[in-house]
Amino acid sequence: MNVPENLKYTASHEWVRAEHDGTVSIGITDHAQDALGELVYVELPEVGRKLGAEEACAVVESVKAASDVYAPLAGEVVAANEALADAPGEVNKDPYGAWLFRLRPSDASALGMLLDAAAYEKSFK
Amino acid sequence: MLHTPLIDAHRKAGAKLVDFAGWEMPLHYGSQIEEHHAVRRTAGMFDTSHMLAIDVEGHGARTFLSRALANDVGRLAQHGRALYSCMLNERGGILDDLIVYFLREGLFRVVVNAATAEKDLVWLGSLAAGAAQLRPRRELAMIAVQGPQARARTWSALPVLRAKSEGLAPFCGAQAGDTFVARTGYTGEDGFELLMPADSASAAWQRLAQAGVRPCGLGARDTLRLEAGMNLYGQDMDESVTPLECGLGWTVELASGHEFVGKTALAARSPAHARFGLVLEERAGVLRAHQAVHGAHGAGEVTSGTFSPTLQASIALARLPIGYAPGERVEVELRGKRAAARVVRPPFVRHGKVLV
């Protein structure tokens with residue numbers, strides 16, 4: 001299973017990438033998409049919504065099951081990847097390219113508290 | 001875990017394996033959606049060896065099956081003819097659904113679901129009470145080849161089957177050497193179901209694959225049967241439901257002289273529910289079993305739901321109070337919200353064409 005070194009992770013299988021503009025992109029991991037199976041529906045948070053850490057804020061549904069996606073850290077939604085509505089399968093094809101939404105974190109240092117690649121891999125093995 | 005004779009072929013093909021009624025079976029071989037499309041557009045194949053064929057033999061076989069099965073075995077006049085039927089308990093509840101083939105006088109073959117096979121054998125044994133012999137054919141493997149190109153590619157892969165199966169009408173079968181070929185299936189497409197000795201199965205599977213028949217798992221089998229409006233035992237029906245409540249009224253003829261287990265109970269009360277199809281009208285998620293349905297004629301529930309690869313929308317089978325009609329709108333409770341769905345009459349898809 002692919003777990004890129006340059007990303008941060010949560011135990012609930014979200015990945016987090018720090019962008020140059022101070023926002024973070026969030027998606028679901030390769031392990032998560034594999035366990036869920038082919039995605040057929042994605043529901044994203046509205047831009048402007050304020051999220052608490054670990055708040056359920058998006059839904060991914062596969063042929064098999066529905067699963068909540070949680071905010072890895074507190075912040076405001078600055079973008080949602082609306083292109084996924086018509087092509088949810090992109091998450092299966094490219095889990096680390098197909099981001100779900102972007103947050104402006106209310107506390108940038110919270111990023112440091114998330115799991116690194118090694119710790120994430122350990123969390124589901 | 002139980003294994004079919006094709007388990008090595010599945011592993012080699014990289015199948016994702018799951019536990020299905022105690023059998024380790026392929027869920028998909030990479031993409032269940034692509035597998036689904038292959039069956040609608042060209043040809044796919046399923047390992048259905050976990051299902052059990054039971055031969056029913058003896059002079060009393062027809063009389064016994066006529067009583068045991070809710071559909072009328074008396075209608076099976078031509079050798080090889082198949083009949084879909086429910087098997088009911090005394091209360092009219094469905095013990096299983098099955099296909100029965102009339103092989104010749106004094107010999108029938110019943111194919112039952114994997115999860116219910118052992119229970120069925122006990123039940124049939126007690127009903128037969130010596131009037132007919134039951135022979136479970138556990139040594140037989142089963143491959144379902146389905147799709148518009150299924151028959152042509154079966155003949156190109158296994159030419160020895162051609163002569164005996166070329167003239168088969170839908171819902172008929174014939175013995176071709178050591179393989180029983182039936183023009184039946186569970187997908188809404190044309191095709192064959194092949195029953196053969198276990199040791200022939202791997203070679204047949206491989207030759208079919210080489211002829212362009214795509215291996216398909218239980219995932220695609222479920223979306224295909226749902227689009228075809230076919231019930232899944234244990235989900236759309238079980239012992240608490242009668243055929244009249246789950247869209248199988250066409251398989252029971254209460255007005256005829258055919259007497260069968262459960263008939264008295266069926267005739268005693270008119271059903272309060274019926275089976276309907278639903279198509280989700282908005283992009284709000286996926287319809288799934290147990291979701292509540294609300295509408296003008298009362299509440300019901302989804303019995304099985306999925307995302308339909310052919311319609312590119314979520315569809316479901318639902319049990320609703322009598323009174324709903326195709327075209328009406330209902331609301332389905334979906335993850336705490338209500339989403340609009342349209343009532344339709346299944347099937348959703350037949351022979352590659354959308355019907356709703």
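Which residue stands opposite B:Ile54 in E7(B)? In this predicted model, for which local features need pLDDT of at least 70, side-chain atom pairs count only at pLDDT 80 or more, and totals for chains, interfaces and linings use all residues, the position is taken by B:Val110. Residues are numbered from 1 along each chain as its sequence is written, and chains are lettered from A, with ligands numbered from 1, in the order in which they are written.

The two residues belong to the pairing of E4(B) with E7(B), which is antiparallel and runs over six bridges; strands (E, at least two residues) and helices (H or I, at least four) are DSSP runs numbered from the N terminus, and two strands pair if DSSP finds at least two bridges between them. Five strands of chain B form an open sheet with antiparallel pairing, in the order E5-E6-E7-E4-E8. Strands E5 and E8 (133–136) of chain B stand at the edges with a single partner strand each, so one side of each is left without a neighbour in the sheet. Neighbouring strands of this sheet are turned by 30° against each other on average, direction ignored, where axes are lines fitted to C-alpha atoms, for helices over the stretch in contact, and angles otherwise run from 0 to 180 degrees between N-to-C directions.

Helix H3(B) packs on the sheet, touching E4, E5, E6 and E7 of chain B, and its direction makes about 130° with that of E4(B); contact requires C-beta atoms, placed from the backbone, to lie within 7 Å. The buried residues of H3 (residues 61–68) of chain B are B:Ala61, B:Phe64, B:Leu65 and B:Ala68, a residue being buried if 20 or more other C-beta atoms lie within 10 Å of its own, exposed if 12 or fewer, and partly exposed in between. Seen down the axis of H3(B), these buried residues fall within an arc of 95°, so they line one face of the helix; the arc is that of the directions from the helix axis to the C-beta atoms. Their cover includes helix H4 (117–128) of chain B, and H4(B) itself lies across E4, E5, E6, E7 and E8 of chain B, running at about 165° to E8(B).

Elsewhere in chain B, strand E3 (residues 44–47) directs B:Gly44 and B:Phe46 one way and B:Met45 and B:Asp47 the other, and all are buried. E3(B) pairs with E9(B) in the antiparallel sense over four bridges, B:Phe46 having B:Ala144 as its bridge partner, and with E13(B) in the parallel sense over two bridges, where B:Met45 stands opposite B:Pro215.

Note on methods
Two residues are in contact if their C-beta atoms, placed from the backbone, lie within 7 Å.
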